[in-house]
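This briefing is for a reader new to the structure shown below.

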Amino acid sequence: MREINQEVYKDKLWQWQEGEYTVTRTSQWSGPGCHQGCGVLFYTKDGKVEKIEGDPNCPVNNGRLCMRCLDMLEAIYHEDRLTYPMKRAGERGENKWERISWDEALDIIDEQAKRIMGEYGGKAIAAFQGTGRNATWPVSSLGNLAFDTPNTGQGTLSGDCCYGPRLMAMNVVMGTAWIADMGQALEARFDDPRYRIPEYVLIWGCNPLVSNSDGFYGHWIIDVMKRGSKLIVVDPRITWIAAKAELVLRLRPGTDGAVALGIVSQMIENKWYDEEFTDEWVYGLEGLREAAAEYTPERVEEISCVPAWKIVKAAEILGHAKPLAVQWGLPLDQQTHGVSASHAIQAIIALTGNVDIPGSNIFFVDGFIQNDIRMSLLERMDPESQKAKLGCDGEYPLRSMGYAPFAMPEKVLQAIEEGDPYPIKMVWIQSSNPLSNCAADSKRWLKALNSLDFVVVADLYMTPTAVACADLVLPVAMSPERDSMRAWWTPFRAITKVVEPLGEAKCDETIMLEVGRKVAPEKFPWANTEEMRAAFMENLSSVDYEGSFEDLKHDVWYYFPFEYEKYKTGKLRSDGKPGFNTPTGKIELMSTIFQAVGLDAAPYYKEPNESPVSTPELAEKYPFVLTTGQRSYEFFHSEHRNLPTMREYHPWPLCEMNPEDAASLGLEEGDWVYLENETGKIKQKLHIHPGMLKGVVNAEHGWWFPEREAAAPSFFGTFDSQAGCLLRMGDVGPTGWGSSYKCRLCNVSKVED
Amino acid sequence: MTQYGLLIDYDYCDGCHACEVACKVDHGFQEGFDGIQLFQIGPRELSPDHWEYTYIPAPTELCDLCAERVAAGKLPTCVHHCQSLAIEYGTVEELAARVNKPKMVIFSVKDGA
Ligand code: SF4
Ligand code: SF4
Ligand code: SF4
């Protein structure tokens with residue numbers, strides 16, 4: 001990394017004066033933003049943020065920022081910021097609002113919630129949060145404590161198909177979640193002598209430079225490429241990073257399981273694996289061999305479109321790569337049998353022995369701040385109330401066994417629509433814009449949400465979801481307006497308030513506390529957010545940080561002590577014995593947990609329920625495989641559509657297809673096209689991508705147009721163009737996780753008007 | 001007279017637009033105006049499985065090499081924020097000394113003071 005002028009950047013000082021500006025060193029952690037918490041310097045003057053700069057001394061991002069944080073000022077001081085609570089003045093969808101005070105808002109919430117809790121029980125209230133940013137835990141905790149409901153979570157996201165399936169697969173197979181090692185566990189990064197640069201990075205179904213998903217700063221991969229790492233990429237599309245790879249496996253979306261099993265089989269048959277490691281640390285090799293045997297390279301080619309020779313080549317490279325780091329992505333969650341595909345990919349990792357060694361795939365055993373807080377709060381909830389959690393009635397045994405932190409979205413929808421097994425009457429939505437984003441079959445969700453007695457939306461701006469269904473809208477403070485703390489993996493980071501919230505906006509924790517103190521004061525004994533935060537800091541069970549929040553603010557970040565090869569020292573298991581945190585103490589290539597609940601112990605491949613192979617008649621009508629959800633630099637999911645600078649670079653919703661496919665339909669670059677299937681129809685602009693696998697259409701998600709009419713039926717045009725309209729609820733895997741967001745079918749036709 | 005400029009390692013520029021936005025917000029450029037602008041080559045398949053997919057940012061007429069920041073001891077904001085750490089600032093001599101591999105280009109932007 002480059003040399004830094006410490007006269008200007010002051011090492012690790014948390015705050016100083018630079019001319020007319022106060023400079024504060026902290027992290028920016030949503031919203032707006034993403035899963036990352038990049039180190040930033042906020043320049044403030046007279047109570048306003050005047051500038052933002054990446055913190056060159058922060059080992060997480062080394063001063064770098066993506067365009068979204070660089071454009072932070074536009075977000076903070078946007079004229080559409082919500083700055084006071086409002087209640088609905090007209091009908092739902094009319095976008096007519098009346099300004100009210102927080103006291104009035106709390107009175108309304110109290111009255112509605114208590115009426116519903118009295119009549120139907122707390123379980124009739126659901127709390128929907130967005131993706132795992134620092135704005136999520138207060139939402140589920142609010143639901144659990146204030147409303148006494150177990151029905152919290154992403155709410156509308158079919159099969160919890162974002163990281164949930166992979167997390168489940170990691171916990172079952174390896175016993176602990178892991179992440180590719182880019183030196184991020186060590187404060188000195190590449191200067192730490194323990195670290196080794198990966199020989200290969202396997203990027204499976206991920207465009208990490210753009211997505212920065214799951215606490216992984218994508219450009220770390222550039223850092224290791226510069227230091228010699230080579231790449232293997234599995235993706236239907238030639239992304240920029242795929243073009244840099246030694247080998248690219250362009251697969252049909254949804255066939256990841258077959259490709260992974262093909263690689264596994266080749267590794268085993270050719271003995272391209274680490275026998276020393278597998279002898280000692282792996283369970284079920286023979287069973288895996290049998291399960292994978294039918295996936296010959298030729299068969300895999302037939303299924304996945306990946307040439308047979310590439311399967312063999314990939315197995316050979318991966319089987320010899322040391323260290324090998326694997327960064328995988330959302331497609332493994334967004335296919336019905338994605339849990340099994342994730343199982344198979346982990347088998348590849350286990351066979352190579354690239355587990356918890358430097359430069360491979362590492363386990364973190366501490367720093368689960370959000371979980372610590374949530375669990376410490378959950379203790380205040382009546383355990384009886386937890387039992388009614390939707391999705392835990394036995395149909396999906398792993399959910400009932402406690403693997404599910406959240407209510408199952410399909411069951412939440414059923415409860416709303418049919419009152420089965422019991423009705424849901426109120427929904428609290430915070431840090432989420434499901435109708436533009438994560439909800440599959442979004443028009444069905446629109447109808448469902450509109451059937452509710454009472455809906456609260458808390459957000460930064462007025463969103464399509466808020467206009468469409470909210471009875472009450474609450475303004476949320478942004479990251480620089482908020483004191484908080486967060487870790488995802490490491491380090492533990494302070495989020496420091498540098499300016500007061502705009503207008504009457506309040507931060508997520510404060511909203512939770514104030515609603516809690518109103519509705520269930522016995523469970524919220526803290527007089528204010530500071531007191532509550534202090535209590536949280538004292539109860540962080542997975543963190544060895546001794547200081548107060550003030551200390552953390554001044555430390556800015558704190559790296560947990562990190563050790564490699566923890567399976568040798570007993571640090572992965574609560575009994576302190578060497579091994580992995582699984583029933584056999586080994587990495588379970590054959591899962592004893594899956595077996596115990598009647599699921600396949602071995603990884604398997606099954607065709608997507610809807611595909612050219614499984615539903616050929618349907619494919620005649622809808623000949624393209626539809627994949628959705630890829631990110632762009634400009635937007636975090638449905639965020640940032642209202643920022644002129646982001647729209648300058650990315651004005652329209654784009655879908656991508658191969659030149660041959662486009663030519664066969666008489667389509668040209670920039671044409672508006674309809675994408676249509678049995679669920680819905682949307683309109684996007686065509687981008688012809690020579691690197692897209694033939695037969696696949698890639699459609700952007702998260703679209704709405706803040707410049708368009710807010711009121712019904714427009715809802716900022718979200719249903720015109722958002723990919724969720726083409727997805728369906730209920731296409732969930734046998735574990736109860738995973739859904740088909742990345743592998744449905746659709747037709748493409750030109751918009752003629 | 002000494003020339004100052006930017007060295008771009010276009011092997012690693014992945015087209016993230018951070019340089020453009022960093023420059024734009026720092027200088028307050030209006031829509032359609034940038035101090036640095038990204039150009040794209042490809043993606044195109046040169047031979048089976050060999051893809052060219054390249055981005056190169058080029059400083060525009062509006063680039064002042066972040067004179068104010070540099071005077072304050074900082075790096076130009078595009079250099080500071082480039083997510084691939086693919087831009088360096090200096091005299092063209094200093095930059096030329098850093099060209100040690102293919103796919104690097106130096107833009108000589110302005111005369112030194
Ligand atoms: S990755 Fe981008 S949006 Fe996310 S915290 Fe870093 S700079 Fe901000
Ligand atoms: S050096 Fe400064 S002015 Fe020039 S392109 Fe970079 S950011 Fe813009
Ligand atoms: S910031 Fe760097 S990587 Fe991003 S587009 Fe500019 S030069 Fe390329």
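A residue is counted as near a molecule if one of its heavy atoms lies within 4 Å of it. By that rule, the residues around ligand 1 are A:Gln28, A:Cys34, A:Gln36, A:Cys38, A:Leu65, A:Cys66, A:Arg68, A:Cys69 and A:Asn212. This is a predicted model, in which local features need pLDDT of at least 70 and side-chain atom pairs count only at pLDDT 80 or more, while totals for chains, interfaces and linings use all residues. Residues are numbered from 1 along each chain as its sequence is written, chains are lettered from A and ligands numbered from 1 in the order in which they are written, and side-chain values use heavy atoms, with hydrogens and water left out.

**Ligand surroundings**

- Ala, Val, Leu, Ile, Met, Phe, Trp, Tyr, Cys and Pro count as nonpolar, Asp, Glu, Lys and Arg as charged, and the others, Gly among them, as polar.
- The shell around ligand 1 has five nonpolar residues, three polar and one charged.
- Around ligand 2 stand B:Cys23, B:His27, B:Gly35, B:Ile36, B:Cys63, B:Asp64, B:Leu65, B:Cys66, B:Pro76, B:Thr77 and B:Cys78.
- By class, the ligand 2 shell holds seven nonpolar, three polar and one charged residues.
- Helix H1 (18-27) and helix H3 (77-81) of chain B each give at least two residues to the ligand 2 shell; helices (H or I, at least four residues) and strands (E, at least two) are DSSP runs, numbered from the N terminus.
- Ligand 3 is surrounded by 13 residues, and the closest are B:Cys13, B:Cys16, B:His17, B:Cys19 and B:Cys82.
- The shell around ligand 3 divides into eight nonpolar, four polar and one charged residues.

**Contact between chain A and chain B**

- With contact meaning heavy atoms within 4.5 Å, 41 residues of chain A and 37 residues of chain B take part.
- The two chains bury about 3300 Å² between them, 55% of it on carbon and sulfur atoms; buried area is the accessible area (1.4 Å probe) that two parts lose on being put together, summed over both.
- On the chain A side, A:Arg2, A:Leu70 and A:Trp240 lose the most area to chain B, together 22% of what that side buries.
- Seven salt bridges are found across this interface, a salt bridge being a side-chain nitrogen of Lys or Arg within 4 Å of a carboxyl oxygen of Asp or Glu.
- A:Arg2 pairs with B:Glu88 in a salt bridge whose closest N and O atoms are 3.4 Å apart.
- The side of chain A that touches chain B comprises 21 nonpolar, eight polar and twelve charged residues.

**Backbone features**

- Most residues other than glycine have a negative phi, and most peptide bonds are trans.
- The peptide bond from A:Asp420 to A:Pro421 is cis, with omega near 0°, and A:Pro421 lies in the loop between helix H19 (409-418) and strand E16 (426-430) of chain A.
- Another cis peptide bond runs from A:Ala712 to A:Pro713, again with omega near 0°; A:Pro713 is in the loop between strand E27 (696-699) and helix H29 (718-721) of chain A.
- A:Asn62 is not a glycine, yet its phi is positive, near 50°.
- A:Asn62 counts as buried at 15% relative accessibility, where buried means under 20% relative accessible area, exposed over 50% and partly exposed in between (1.4 Å probe, protein chains only).
- B:Asp49 also has a positive phi, about 65°, and is partly exposed, with a relative accessible area of 41%.

**Salt bridges**

- Over all chains, the structure holds 55 salt bridges.
- A:Arg99 and A:Glu504 form a salt bridge with closest N and O atoms 2.8 Å apart.
- A:Arg99 lies in strand E6 (residues 97-99) and A:Glu504 in the loop between strand E20 (492-495) and helix H22 (508-519) of chain A, so this pair ties together parts 405 residues apart in sequence.
- A:Arg133 and A:Glu639 meet in a salt bridge at 3.1 Å, N to O; A:Arg133 is buried, with a relative accessible area of 7%, and A:Glu639 is buried at 15%.
- In chain B, B:Lys101 forms a salt bridge with B:Asp9, the closest N and O atoms being 2.7 Å apart.
- B:Lys101 is partly exposed, with a relative accessible area of 25%, whereas B:Asp9 is buried at 10%.
- A:Glu18, A:Glu53, B:Arg69 and B:Lys74 are joined into one network by salt bridges that share partners.
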